[in-house]
Amino acid sequence: MRVVIAGAGIAGLTAALSLHAAGITDVTVHEAVAELHPLGVGINILPHAIRELIELGLADRLAAIGVATADLTFLTSRGQRIWSEPRGLAAGYRWPQYSIHRGRLQMMLLEAVRERLGPGAVVLGSPVTGLDHDADLLVGADGIRSTVRQALFPGEGEPLPGGDVLWRGTTYARPFMTGRSMLMVGDSAQKLVIYPIAPPEDDGTQLVNWAIQRAARVEGVPRGDWNRPVGVEKVLPHVEGWHCDELDVRALIANAHQVLEYPLVDRDPLPYWSTDRVTLVGDAAHPMYPTGSNGGTQAVIDARVLAYALANGLGLEFYEEQRRPVTSNVVLANRGDGPEVILRLTHERAPHGFGDIEDVMPLAEREEIALRYKKLAGFEPATLNARRSWSVHPRRP
């Protein structure tokens, strides 16, 4: 079987590795850009996807470049604690959760593809421009502006704006809390997510990712442009007056060495992803808001299920049955704030703060919100721990 993959991002590279591990070795990845660099900011990969990357033999490489997330805490913009929960191994999963620099993760996957499939397996400066190809299968892994998706659905149009704007940045700062903690701070108008994405440097600092999502339209920003640089002065006013005992939020943003701005966009779920010789994975299949740490996670699982389906003769129908309903539900849930709805509800119920969070949002409600999203996205601990991975034994050539 010969497979062509459009796009050398997380989805495309994981698909190449997964197909190779399943015994499908005639795989070529075509990437439009002429040179790949470790661009972007932070990303979280949840345990159900880390499990699949570990099955691919990438455990040591992940540990070398990422941070095994230990806990997640929700705070109001006044710094009052709403909810804390363990994450990854500390939450009872058999696999960690990793916070990691998106570009470094991509470069690690690229290195692994070239090692296992050969140096010519990834062809740069070679965009896939349509559905015509000389392979048994074309896999569209070319992102939210996927050429493959556009060819399958030519009338779909531009990505859909959600009405919010995102500012994302990275800063070298002293570790906060456990050094492996995530913070979500906010109210009904905006939220701030903070987490480290690399092991400590020799000087004791860590690369920390932060992202602000605010309900405000920004004129002149192309939809789906995730790499528009702006100055910190555009972002700082939005956190003035915020208090956080865990770290100095204003200093974190003021000292950023890069800030990227883009509008919150996604696309509606599709009625199908595949034809006889074409399918979609990752953002090409289900672009979603960066809520609940699910974009990269779902892309990894797509790639693994696709390889499993092909290696076992189950076909693209099985792949879609397993993945399209789940990812469609996540896309729609993320439009409603996902698990971060806790921030909005707390602010709506107690806009001037509270004496006891139990009077505002009882523990049972907080736990139910967190568990409901885990079940929807496929990473409720007990269920995941009991479920087999999507690995397959290599077939004979």
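This is a predicted model: local features need pLDDT of at least 70, side-chain atom pairs count only at pLDDT 80 or more; totals for chains, interfaces and linings use all residues.
Helices here are DSSP runs of H or I with at least four residues, and strands are runs of E with at least two, numbered from the N terminus. Residues are numbered from 1 along each chain as its sequence is written, and side-chain values use heavy atoms, with hydrogens and water left out.

**Entry 1: H9 against H11.** I looked up the axes of H9 (residues 341-349) and H11 (residues 363-377): they come within 10 Å and cross at roughly 150°. Axes are lines fitted to C-alpha atoms over the stretch in contact, with angles from 0 to 180 degrees between N-to-C directions. From H9, Val341, Ile342, Leu345 and Arg349 meet Glu365, Arg366 and Ile369 of H11 (contact means heavy atoms within 4.5 Å). By class, this contact has four nonpolar, no polar and three charged residues. For the classes, Ala, Val, Leu, Ile, Met, Phe, Trp, Tyr, Cys and Pro are nonpolar, Asp, Glu, Lys and Arg charged, and the others, Gly among them, polar.

**Entry 2: positive phi.** Most residues other than glycine have a negative phi. I found Met177 with a positive phi of about 50°, in the loop between strand S10 (160-173) and strand S11 (181-186). Ser293 also has a positive phi, near 60°, and sits in the loop between strand S16 (278-280) and H7. Buried or exposed? Ser293 counts as buried at 17% relative accessibility, and Met177 as partly exposed at 36% (buried is under 20%, exposed over 50%, partly exposed in between, with a 1.4 Å probe on protein chains only).

**Entry 3: the cavity.** On a 1 Å grid over the protein atoms alone, a cavity is a set of points where a 1.4 Å probe fits but cannot get out, and lining residues have an atom within 4 Å of a point. The largest cavity has a volume of about 80 Å³, the space filled by probe spheres set on points joined across faces, edges and corners. Ser293 turns up again in its lining, which also includes Gly292, Met182 and Tyr373. H11 gives the most to this lining, with three residues.

**Entry 4: the second largest pocket.** A pocket is an open set with protein on both sides within 12 Å along at least five of seven lines. This one holds about 220 Å³ of space. Of its 16 lining residues, the closest to the centre are Ile301, Arg323, Gly378, Arg387 and Trp390.
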